[in-house]
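Here is a short note for a colleague who has not seen this entry before. Please keep the viewer open while reading.

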Number of protein chains: 2
Amino acid sequence: MRADLICIGNELLTGLIENSNAGFLARRLWSAGIEVRESVVVADDMSAIREAFNRALKNSNVIIFTGGLGPTDDDLTREAVASALNCSMDLNCDWLNRIELFFNQRGMKMPENNRKQAMVIAGAELLENKAGTAPGSLIRQKGQLIIMLPGPPNELVPMFDGLVLPAVKEFNKDNLNRLKTLKCCGIGESTLENKIKSLGKWDLPPLSYVARGYEVHLQLKGRGSPEEAAQEIEKAETRLKNLLGDHIYGSDDDTLAGKVAELLTYKKLTLSLGESCTGGLLSSMITDVAGSSIFYQGGINAYSGALKSKCLGVDIKLMEQEGQVSEAVAKAMAKGARYNFNTDLAVGITGIAGPDGGTAGKPVGLVYIALATAQKCICQKLNLGGGRLAVKERTAQVALDMIRKELISAG
Amino acid sequence: MRADLICIGNELLTGLIENSNAGFLARRLWSAGIEVRESVVVADDMSAIREAFNRALKNSNVIIFTGGLGPTDDDLTREAVASALNCSMDLNCDWLNRIELFFNQRGMKMPENNRKQAMVIAGAELLENKAGTAPGSLIRQKGQLIIMLPGPPNELVPMFDGLVLPAVKEFNKDNLNRLKTLKCCGIGESTLENKIKSLGKWDLPPLSYVARGYEVHLQLKGRGSPEEAAQEIEKAETRLKNLLGDHIYGSDDDTLAGKVAELLTYKKLTLSLGESCTGGLLSSMITDVAGSSIFYQGGINAYSGALKSKCLGVDIKLMEQEGQVSEAVAKAMAKGARYNFNTDLAVGITGIAGPDGGTAGKPVGLVYIALATAQKCICQKLNLGGGRLAVKERTAQVALDMIRKELISAG
């Protein structure tokens with residue numbers, strides 16, 4: 001089963017607004033066993049919307065519009081869909097009352113142009129909007145679902161999860177377990193592909209590789225009847241886990257930081273950080289996880305040598321001898337953080353993010369990551385490229401994976 | 001002049017990867033006077049790519065592909081474009097050597113399948129990739145520019161800025177000053193709109209408002225001949241700057257963190273941070289700016305009270321009396337950072353990012369941001385919504401703006 005997404009709005013085409021709706025809807029549809037065929041952004045323009053809609057009608061079972069349901073003249077989704085389907089629009093008096101109430105509750109009179117938000121395509125189900133005045137719509141016709149959602153994510157997300165997803169799952173009830181994503185790290189895309197090809201005769205389901213920085217994601221697609229597809233996915237997952245072992249850190253909605261948080265919480269261990277070249281990024285990724293205050297004590301973003309010495313107890317002489325970017329200093333930072341903040345684990349990171357500051361002996365992209373525990377202090381050296389932000393991000397990901405591996409191997 | 005964006009990859013259609021490239025390219029093209037007509041995401045599928053390409057060829061002057069340039073069998077952009085244009089592909093031996101070197105430097109042998117990344121469409125200019133093995137391509141034909149870029153943003157961004165943008169600007173040299181974005185902060189979208197409407201008779205060029213968290217961006221579109229358009233933009237910019245004053249922090253590619261870095265560097269002042277609820281995000285945003293080591297000493301991500309006391313010198317009794325989330329503690333964090341790390345300015349942040357940890361008196365989203373200088377210590381209280389990540393992000397933005405305002409007002 002396939003879906004087309006049609007996102008409408010000039011603000012998306014100028015890049016002022018990131019189109020987070022497309023990714024959100026795609027993930028939700030994937031988890032409901034539906035693949036997106038095409039996802040398009042078009043302007044607030046009648047003929048552009050109609051053209052995209054006609055394409056979608058020819059190709060997909062589920063068609064989702066976002067945006068263009070507002071009260072202004074350039075909100076045209078309703079009109080474009082009604083005209084393409086050759087349907088009339090009727091005033092929904094209940095919803096008109098709701099809109100008037102919405103304004104009254106805010107001490108305002110409803111502007112006349114909001115009236116058009118109560119116009120509903122004949123035969124459409126109205127989808128309630130708890131956060132705004134634009135209702136969504138759902139149209140069932142000839143084996144297709146056509147859905148219109150408001151653009152603002154705070155209106156779209158609850159409307160989709162509460163009203164649309166159940167309808168979509170019902171519509172696709174035979175194919176719910178057909179799709180799965182396995183998330184790998186610490187292994188390159190080509191190496192991974194060769195390893196999987198080495199399994200010999202290709203009896204895995206269709207599989208695609210997605211490299212993102214330190215991670216590679218494997219997307220599996222089960223074939224045949226619903227039962228066969230679910231079985232094929234399960235079998236493939238087992239084989240891939242045997243083959244790839246700890247390179248697979250999770251599936252579907254898991255993240256590396258989330259996995260580390262889960263392991264630390266489960267094992268009741270605490271963590272602190274001493275970051276130099278990542279400048280707080282690793283700490284921010286960890287504190288993005290809700291509940292991280294349970295295991296995370298805090299960290300030092302020690303850009304200057306003075307801070308490394310003062311807060312992490314790194315010996316000034318050591319920094320002079322070895323240089324701030326060195327294995328010895330990374331280890332001293334990790335040990336210092338662990339000792340000072342009294343945690344079970346600590347990470348120390350030092351490196352040259354660039355673009356300046358590199359030398360022949362220590363080029364931009366040279367990074368040391370140390371991990372200290374009660375038993376030991378290990379260190380990994382990296383030579384990274386891709387610019388300042390890429391160096392920061394890759395370093396943070398490798399550090400997360402070092403923590404993960406330590407927690408797994410410690411049993 | 002118009003552009004079509006064609007982003008290729010199953011990983012985008014399944015929502016595994018946010019399509020940040022489309023927004024990035026749209027913003028850059030806007031700053032070069034080019035509007036995006038349609039932005040589409042299609043699968044790693046030959047006929048889907050060709051269909052989108054043919055549509056773009058009919059409609060736009062500039063066509064940009066992202067993704068599908070990798071080494072695996074499902075990387076098909078090169079092949080699809082070559083076949084649609086009826087061009088052959090040739091092995092570029094220089095680039096093949098580069099790929100081999102790329103692997104050798106990492107102590108690996110080039111896998112055979114990477115060889116296809118050295119295949120270049122006849123007549124195309126090869127665009128060097130400093131961060132990966134997939135080169136980009138630029139094809140000029142019959143008044144159109146066709147550009148192929150690798151999908152990973154850390155490869156795409158430097159390639160676009162370094163090699164493509166100059167070519168696009170040259171291609172569109174008569175219309176460079178037709179579009180402009182002014183970036184405002186510290187003022188709501190409605191207030192801003194009312195202020196601008198209060199200018200009276202509407203003699204500004206077409207203008208759209210886009211709210212992004214703490215910022216509102218104003219997009220201006222000049223009309224008429226290239227000279228008239230440039231003049232209209234310039235005149236509008238002057239009027240808006242008079243009206244909005246310091247609410248405008250920059251234009252087009254400026255960022256708030258970049259602006260703060262510029263001011264600190266120019267004034268030769270130093271900065272340190274004490275972050276609790278933002279957990280290192282503000283530090284990471286500041287260290288994203290190249291050259292930040294000149295003014296940034298470092299920061300403490302003090303999630304625990306122990307760290308607030310140990311590294312920022314916050315009185316334990318004060319935390320007990322006032323609570324860790326309080327104006328007094330935020331100020332003590334800022335003053336402590338400033339004193340301990342010997343900087344001209346310091347920021348202290350404490351708050352409840354949620355989802356847990358809120359109480360009736362101190363709900364989730366309550367945040368205090370303090371800024372200490374030699375002369376004073378000011379504090380701002382916020383009540384934020386939108387979830388953990390939104391609270392972190394909005395707080396970091398407000399903190400950056402507090403630093404910016406201090407630096408501007410200090411003259």
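Predicted model: local features only at pLDDT ≥ 70, side-chain atom pairs only at ≥ 80, totals over all residues.

1. Look at strand β3 of chain B, residues 62-66. Five of its five residues are buried, so the strand is largely enclosed by the rest of the structure.

2. Which residues of β3(B) lie on each side? V62(B), I64(B) and T66(B) are on one side, and I63(B) and F65(B) are on the other. Both faces are covered. In a regular strand, side chains alternate between the two faces of the sheet.

3. Now the neighbours. Strand β1 of chain B, residues 2-8, runs parallel to β3(B), and five bridges join them. D4(B) has I63(B) as its bridge partner. Strand β8 of chain B, residues 144-149, is also parallel to β3(B), again with five bridges. There, L145(B) stands opposite V62(B).

4. Move to the open sheet. Four strands of chain B follow the order β10-β11-β9-β12, with antiparallel pairing. β10 (207-212) and β12 (248-251) are at the edges with a single partner strand each, so one side of each has no neighbour in the sheet. From one strand to the next, the twist averages 25 degrees.

5. Check one pair within this sheet. Six bridges link β10(B) to β11(B), residues 215-221, in the antiparallel sense. S208(B) is bridged to Q219(B) in β11(B).

6. Finally, find helix α8 of chain B, residues 226-244. This helix packs on the sheet and touches β9 (179-185), β11 and β12. The direction of α8(B) makes about 10 degrees with that of β9(B).

Notes:
Residues numbered from 1 in each chain as written. Chains lettered and ligands numbered in written order. Buried ≥ 20, exposed ≤ 12 C-beta atoms within 10 Å, placed from the backbone. Helix = DSSP H or I, 4+ residues; strand = E, 2+ residues; numbered from the N terminus. Pairing = 2+ DSSP bridges. Axes fitted to C-alpha atoms, helices over the stretch in contact; angles between N-to-C directions. Contact = placed C-beta atoms within 7 Å.
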